[in-house]
Amino acid sequence: MINFLDLKKINARYALELKQAAAEVIDSGWYLLGERVKVFEQNLSNYCGVRHAIGVANGLDALRLILRAYIELGTMNEGDEIIVPANTYIATILAITDNRLKPILVEPNINTYNLDIDQIESKITVRTKAIMVVHLYGRVCWSEKLETIAKKYNLKVIEDNAQAIGAQWNGKKTGSLGDAAGFSFYPGKNLGALGDAGAVVTNNDSLAEVVRALGNYGSKVKYTNLYKGLNSRLDEIQAAFLNVKLKYIDQENQIRRQVARFYCDNIKNQQIILPSVSHGSITTDPSHVWHLFVVRHPKRDKLQEYLKAKDINTLIHYPIPPHKQAAYREWNNLTFPVTEKIHNEVLSLPISPVVEKKELTTIVNAINRFNSF
Ligand SMILES: *Cc1c(COP(=O)(O)O)cnc(C)c1O
C-alpha cells in the first residue's frame, strides 16, 4: 500500500537526534518558556530573515494572535475588513472571524490556485485594513502589484505561511515578505513538529511584543496582565524537535521539488491537469516548496476511487470550501465559481521527502492507464 504521507518514516530518519532532544528536555525539568524555545525563535528568525519570531501553540493561533495584536495596537477595529482568498483551508478564515473582523472572500487564479491579485483592488473599501495572502500548497502568492496596492491603500499584508516555509520570492523568504506571518508546524507540514506547534514572525517590534504578551495571558511580567490574553505557547519539547528538523528543511524541500518534477515529466494522461509551472525549472524554482502536489481531473472522485483500488492513497485539499461549510451558513448562498470548481476537481498525490521512486513509478503508471470516458 502507498500511504499519502508516512509521518513515521519521515521522523525515523532523525530518530536518534529527536530522542536525544526529548531526553534533554525531560532531564532539564523546564518545559515551557525556556532556552529551547528561545533558540528556535532565533533559528527561525535567522532562517526567514526577520527580526522577530514568537513560538505559539499552533498555526491557527499564530494568525489569530497577529490580528488580535493589531486590534490591541489600534490598527484594526471590530468589523474591519480583511481580504482573503475564498480558496483556502478554513483556519485562515477562522482567525479573522474569531477576532470579529470581516473576511472579504476573493476568488483564486485558476492556474496558481492562489488569491487572484488582479481582483483585490475592486474589493477594497474604507473599512479594509489588511490582505491575508495564503501561499497555498507551498507556492508563493506575491507580486509587485500586491505591494503597490498595499502601499496605496495603507493595508497590512499578513502571510498565512502554514504551507510554504522555505519558499522564496525575489530572494526573500515567505514570512519576510509582508508585515507579519503565521507558521504552522502541524506534523504533516513541511516543517512538522511531533504534535501541535506554530510561530509568528515579523519585523515590527511593537507587534512582536504584543503577540508575545497575548500568547502568555496578556502578560509581560508574571501576574501583571496588560491584555485579555490567551494561553498559546510553544512547548520546549516541540521547540527541541523543531531545532533538529529546521536544519534539514532546505534539503527536504529540494526532494519535494524532485518528486514534483518526476510527476510532471511522467504523467502523460491528457485528462489530468498538472500544476501550472514550467516543467524544466521545477527543481531550480525557489518560489514553490510543494507542500502538496495537486492535480485536477473532471472526474476526480472516480480517479480517487480507481487509485484507492490499486492501494494508492490520495487526499482532497479541500473537499468543501469555507463559504459552503455549515460553520459559515451565512455565506452558503454565495457563489465563487472558480473556488468551487477547484474544490470539485483537485486531488493531492503522495509527496514527501520519503516517498520512494518505485512508489512514484507505480502511481504514475496507474494514472496514465486511467480512462474515465
Ligand atoms: C495547517 C494550516 C493552518 C493551521 O495550522 P494549525 O497548526 O493546524 O493550526 C492555517 N492555514 C493553512 C493554510 C494551513 O494549511
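**View 1. The lining of the largest cavity splits into seven nonpolar residues, three polar and one charged.** Here Ala, Val, Leu, Ile, Met, Phe, Trp, Tyr, Cys and Pro count as nonpolar, Asp, Glu, Lys and Arg as charged, and the rest, Gly included, as polar. This is a predicted model, where local features need pLDDT of at least 70 and side-chain atom pairs 80 or more, while totals for chains, interfaces and linings use all residues. Residues are numbered from 1 along each chain as its sequence is written, and side-chain values use heavy atoms, leaving out hydrogens and water. Among the lining residues are Tyr113, Arg139, His288 and Trp290. A cavity is a set of points on a 1 Å grid over the protein atoms alone where a 1.4 Å probe fits but cannot get out, and lining residues have an atom within 4 Å of a point. The space inside comes to about 70 Å³, a volume being what probe spheres set on the points fill, with points joined across faces, edges and corners.

**View 2. The second largest cavity holds about 50 Å³ of space.** Its lining has five nonpolar, three polar and four charged residues, with Lys189, Lys245, Glu252 and Arg256 among the residues there.

**View 3. Lys189 turns up again, in the shell around the ligand.** Shell residues have a heavy atom within 4 Å of the ligand; they include Asn58, Tyr89 and Asp160. A polar side-chain atom of Lys189 sits 3.1 Å from a ligand oxygen, and a backbone N or O atom of Gly59 lies 2.8 Å from a ligand oxygen.

Terms used. Polar contact = N/O pair within 3.5 Å; in protein donor to acceptor, adjacent residues only side chain to side chain. 1 Å grid on protein atoms, 1.4 Å probe; cavity = no way out; pocket = protein on both sides within 12 Å on 5 of 7 lines; lining within 4 Å.
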